[in-house]
Amino acid sequence: MKRLLLTMLALSLCVTPAAWAKSRSGQVTVEVDLSKQEAGKETRLWIPYAVSDSYQNVTDVKVSGDFASSAVYTDRANGTPMLYAQWDKDAKSRKLTYSFNVQRDEVRIKDLAAKEPAWNRADYAEYLKPTSLGPVDGEVKKLAESIVKGKTTVLDKAKAIYDWACENMYRDPATVGCGKGDVCELLKKPGGKCTDISSVYIALARAAGVPAREVFGLRLGKKAEEDVTTWQHCWVEFFLPGTGWVPVDPADVRKAMLVEKLELKDAKTREYRDYFWGGIDAYRFKLASGRDLVLNPPQAGAPLNTFGYPYAEVGGKVLDWYDPKGFSYRITFKEK
């Protein structure tokens, strides 16, 4: 029996991209209960809010709870949607449930434009500038220039940086959450999780003149029902003139290598590298984008490094979103 279980586990880890579903659908439910937080304080909550786009369809959205008010807003810089709720200071119970159905499609962009048409960099200035933890000058600029040396097109530069990230970054399971994405620290120790690896890619890309941005989302379960509370994930998109925004995910390449104990030279590693260059599986959906976010309404705390988790303030004090039990919130997925 033990040998059978080990065999089944090995098989589950060895599912190749070719075997993944082309679409995935189900109901996502976010349950928040802030009732045990400090009493007598005004409580405010922001939750990343899923919307439909070219690759996902969001329907049957429901919001319920005992809040005094709630609404859906977007931030001014990125247009990231968010569900906001507020409880008065005398509230005894502070609960909210947000659910929706989502159908997510696989993304495979294979025909990348090899011939680069004229394009105006000013139109993409937002995706070429530094962030608080992602500079594009100094050591980052030097490294980027060395990686793309001899490359003249956006496509060749983006691919060279992708290859560098796959070969030089690594996944560190000890990293809290998705990681901070502190690029300068990561160049010293290039281990982390998805935000870390994605942030390095973006900083290097921007330093090399390639517009790039992060996408923050949540993974969808592969079972009929899953607790996905801690399944946040982020990936990268770069702008390719003549094609548009192209997804890449070096972080999932390195995750697959860690989970399946793969080496860079292995054929399965090559499969993953090929797939996540222009490809994104259907077991995830988009929630937010942007760094250094000022929420809407504005939070009392500092701008958010990333917005992939529920965020709350009780009496102006920020709760630890990396601690779902203490916060508390729970996110579940149910197949439809």
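**Strand pairs and a buried arginine**

Student: In this predicted model, what makes strand 2 (residues 43–48) and strand 5 (residues 81–87) a pair?

Tutor: Strands 2 and 5 share six bridges, running antiparallel. Pairing takes at least two bridges, so they qualify. One of the residues involved is Thr43, whose bridge partner in strand 5 is Trp87.

Student: Where does that pair sit in the sheet, and what is the strand order?

Tutor: The order is 4-5-2-16-17, an open sheet of five strands with antiparallel pairing.

Student: Why do strand 4 (69–74) and strand 17 (317–318) count as edges?

Tutor: Each has a single partner strand, so one side of each is left without a neighbour in the sheet.

Student: On to Arg104, over in strand 6 (residues 95–105). Why is no salt bridge listed for Arg104?

Tutor: Go by distance: the nearest side chain of opposite charge, Asp53, is 4.5 Å away.

Student: What does the side chain of Arg104 make a polar contact with?

Tutor: The side chain of Gln56, at 2.8 Å. The limit for a polar contact is 3.5 Å, so this pair passes.

Key:
Residues are numbered from 1 along each chain as its sequence is written. This is a predicted model: local features need pLDDT of at least 70, side-chain atom pairs count only at pLDDT 80 or more; totals for chains, interfaces and linings use all residues. Side-chain values use heavy atoms; hydrogens and water are left out. Helices (H or I, at least four residues) and strands (E, at least two) are DSSP runs, numbered from the N terminus. Buried means under 20% relative accessible area, exposed over 50%, partly exposed in between (1.4 Å probe, protein chains only). Lys and Arg count as positive and Asp and Glu as negative; His and the chain ends are not counted. A salt bridge is a side-chain nitrogen of Lys or Arg within 4 Å of a carboxyl oxygen of Asp or Glu. A polar contact is a pair of N or O atoms within 3.5 Å; within protein, one must be able to donate a hydrogen and the other to accept it, and residues adjacent in sequence count only if both atoms are side-chain atoms.
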